[in-house]
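Let's take a walk through the charged side chains of this model. Have the sequence and the 3D view ready as you read.

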Amino acid sequence: MIMVKKNLTTDDGLLSLLSGSDDEALFAEARRIREEIYGDAVYLRGLIEFTNYCKNNCCYCGIRAGNAKLPRYRLDKETILDRCRLGYSLGFMTFVLQGGEDPYFDGPKGDDRLCDIVSAIHDEFPDCAITLSVGERSRESYKRLRDAGARRYLLRQEAASAELYRRLHPAEMLPENRLRCLYDLKDLGYQVGAGLMVGVPGQSLEHLLEDLKFMQKLQPDMIGIGPYLQHADTPLGKLEDSAEQRRDRLQLTLRLLAILRLLFPYALIPSTTALASIDPAGRTLGLRAGANVVMPNLSPATVRDKYTIYENKLSSGAEAAEQKLALEQIVSGAGYQIVSDIGDVKRG
Ligand code: SAH
């Protein structure tokens, strides 16, 4: 324990923890801290993937504009509201609207459309939190959405290293704009979620260290991480990827998750779908490494197989909002309890 704490304070120490010098002590310490602050509570978020249209061409992502094979969909306001109603009846008090950067929601007209959806949810569920995750927008647009009732925003920095960010994205996506968005969101009073994929091609442990330092500056309220998973219809999806590499990515994700819990004791950290997708035990392992949030899929069943940011993405069983009992069993098996609560960050 003493070694873990000491390692958190230096670059070499963090690199040593990331390379797996002391996993069991690291996970135990992460659980101790999460229990000190959040007890055994696990917060629920209902994830509504409301559009898979995207104008971007991120090199890792299956819903990139260039993937002509993917059937596209967009949910209308009534469908989204229906999913919130179902979620609310199941005890969900946070709705996360996630999507690609859909041109239909661009510009002032697009803002009107998105604000209309946000304010309709806000009017009907005033005791719930609305989280948006729709990528990079102007400060003005973020302000309008905040005024319409959005309270949280998830925008992973993906890579704090500008050099790695540029390698993972097309030339028109600038690392400085990603950071500008995150600081604008903070400044506008959103609870902000940052994060990254672990083990994306070209990422080293030193890159992860840069991410940790960036987040120490940003001080996000939420931090979402998951293992990188391939999609064949992307530029990065053609690389070799063995079962052993996937096992290593799972383990590295768990280590980073535990380190995040210790560096950001108050953060809301989900045990993500990507963790559950890479290994049947992934969600449990995430909870045992310090995660305190689960985000089952609340999208209509008819579109769930179309939000394929990576292949073999789970959207059934405990990953589906309707199967809350299955999820409750997993969470209680890990030693925790799902609570019906808005689940805001508990700042020290
Ligand atoms: N367009 C939104 C939402 C993107 S999807 C945005 O830009 O924020 C949410 C997250 O899924 C992304 O931030 C990314 O980190 C993750 N993701 C995308 N492709 C992935 C892949 N192949 N493997 C694992 N995670 C992926």
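Which residue forms a salt bridge with Asp241, the closest N and O atoms being 3.3 Å apart? That partner is Arg246. A salt bridge here is a side-chain nitrogen of Lys or Arg within 4 Å of a carboxyl oxygen of Asp or Glu.

Before going further, a word on the model. It is a predicted one, in which local features need pLDDT of at least 70 and side-chain atom pairs count only at pLDDT 80 or more, while totals for chains, interfaces and linings use all residues. Residues are numbered from 1 along each chain as its sequence is written, and side-chain values use heavy atoms, with hydrogens and water left out.

Back at Asp241, you will also find a salt bridge to Arg249, where the closest N and O atoms are 2.9 Å apart. Arg249 is buried, at 9% relative accessibility, whereas Arg246 is partly exposed, at 31%. Buried means under 20% relative accessible area, exposed means over 50%, and partly exposed lies in between (1.4 Å probe, protein chains only).

Now turn to Lys55, which pairs with Asp106 in a salt bridge, with 3.0 Å between the closest N and O atoms. Lys55 sits in the loop between β2 (46-51) and α4 (77-89), and Asp106 in the loop between β3 (94-99) and α5 (107-124), so this pair ties together parts that are 51 residues apart in sequence. Helices (H or I, at least four residues) and strands (E, at least two) are DSSP runs, numbered from the N terminus. Lys55 is partly exposed, at 39% relative accessibility, and Asp106 is partly exposed at 32%.

Finally, look at Lys5, Glu29, Arg32 and Glu36, which a network of salt bridges links. In total, the structure holds 30 salt bridges.
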